[in-house]
Amino acid sequence: MRNICIVTGARPNFVKVAPLVRALRQAATDGASVSYQLVYAGSESDPTLEQTLFDDLQMPRPDVFLGVDCASLNELTGRVMSAFEHYLDTHETDVVVVVDDLASTMAVAIVTKKHGLKLAHLVAGTRSFDINMPKEINRLVIDGLSDLLFTAGISSNSKATREGAENHKIYMVGNILMDTLRQSHSKLQRPAVLDELKLSAGEYIVFTLNRRALLADRENLRLMLDAIASAGVPVVAPLRAEAARVVGEDARITLINPLSYLEFGWLTAHAKGIITDSGNVAEEATFNGVPCITLNSYTEHIETVTQGTNVLVGEDADKLRAALDVLVSDQWKKGTLPERWDGRTAERIVKILLG
């Protein structure tokens with residue numbers, strides 16, 4: 001029996017592991033000698049883990065909650081290491097799969113290797129090349145420790161190879177977000193708020209904002225909001241509390257409550273365009289063929305720019321305004337799907353894990 005532990009550290013991770021959970025369950029149904037447990041670093045009462053998330057993704061809630069919840073990244077790292085060490089001491093485990101680049105992900109990776117277990121990194125090889133970013137340090141540590149590096153594309157393969165990863169550890173499995181999108185595409189739900197706003201598909205721009213650096217620089221953010229609001233197209237912004245407080249000062253942008261996964265998926269898939277600081281949202285925009293402007297100077301998946309519908313404008317209000325002019329005038333570039341963004345990533349991963 002191959003015992004696999006999948007560890008998540010934040011809400012977005014579940015969107016990526018849902019296809020893997022389904023693929024493992026299917027493998028067991030088909031007779032494979034495999035079992036898995038889904039572990040969450042946070043607490044069971046985490047308000048971001050509403051039941052609708054798991055219903056929408058058609059996956060169970062985590063089997064185990066480590067219960068770590070604190071603001072300090074260093075404290076969080078230490079507490080997750082202690083809690084996960086206890087988990088491994090009490091649960092038979094052969095392989096640990098970690099996701100993305102959080103402090104909790106790095107903590108789990110370190111403990112896994114100290115226990116002499118096989119470590120697999122889902123969405124490996126992503127880099128910002130800014131060592132001052134905590135997540136960049138996390139990525140370097142996790143990839144350096146991992147026995148299996150599951151990458152989304154050739155560029156991620158190249159980065160891992162340049163840093164000394166052995167070729168036999170690197171597997172270009174594709175972008176697992178596409179698995180979730182393909183599986184849920186027919187189930188997307190038009191948000192009722194669009195009826196209230198009297199907006200139809202293609203008549204609005206979606207705006208999301210999460211990065212603390214953007215929220216902290218109020219003066220520059222105001223310039224960016226001016227550029228967005230002056231585009232001449234209704235702007236719909238499903239923002240969480242902190243961002244809503246800041247952006248809500250501009251009445252020209254319509255704030256709506258955060259949406260369920262299926263509602264948000266419909267909103268972005270049918271938008272005229274998207275403005276975001278989220279890499280995941282930009283990847284989904286490439287899948288859906290929707291123009292996307294990313295408020296960052298880099299992207300974890302450059303394929304969204306070189307092949308997809310994404311454009312990077314950094315934190316520059318003038319570049320944002322220029323990109324919006326192109327978007328609104330319907331002159332946006334046409335995108336294509338990168339290699340292996342075909343919705344079969346989880347199947348490839350399970351085959352490797354069981355091989």
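Student: Which residue in S6 does Leu-122 stand opposite?

Tutor: In this predicted model, Leu-122 stands opposite Phe-150 in S6. The two strands to look at here are strand S5, residues 118-122, and strand S6, residues 148-151, which pair in the parallel sense over three bridges. Both belong to an open sheet of seven strands, and its order is S3-S2-S1-S4-S5-S6-S7, with parallel pairing. The edges of the sheet are strand S3 (64-65) and strand S7 (170-172), each of which pairs on one side only.

Helices also lie across these strands. Helix H1, residues 11-29, lies across strand S1 (2-8), strand S2 (34-40), strand S4 (95-99) and S5. The direction of H1 is at about 160° to S2. Helix H16, residues 345-353, lies across S1, S4, S5, S6 and S7, and runs at about 170° to S6.

Helix H5 covers residues 134-145 and contains Ile-137. Ile-137 counts as partly exposed because its relative accessibility is 39%. Together with Ile-131 and Leu-140, Ile-137 makes a nonpolar surface patch of about 250 Å². Helix H7 covers residues 176-184 and includes Ser-184. Ser-184 has 2% relative accessibility, so Ser-184 counts as buried. Apart from neighbours within four places in sequence, Ser-184 is in contact with Tyr-261 and Leu-262.

Terms used: Residues numbered from 1 in each chain as written. Predicted model: local features only at pLDDT ≥ 70, side-chain atom pairs only at ≥ 80, totals over all residues. Heavy atoms only, no water. Patch = residues over 30% accessible without salt bridge, like charges linked within 9 Å, V, L, I, M, F, W, Y side chains within 5 Å. Areas by Shrake-Rupley, 256 points an atom, 1.4 Å probe, with all protein chains shown as cover. Salt bridge = Lys/Arg side-chain N within 4 Å of Asp/Glu carboxyl O. Helix = DSSP H or I, 4+ residues; strand = E, 2+ residues; numbered from the N terminus. Buried < 20%, exposed > 50% of the residue type's maximum accessible area, 1.4 Å probe, protein only. Pairing = 2+ DSSP bridges. Contact = heavy atoms within 4.5 Å. Axes fitted to C-alpha atoms, helices over the stretch in contact; angles between N-to-C directions.
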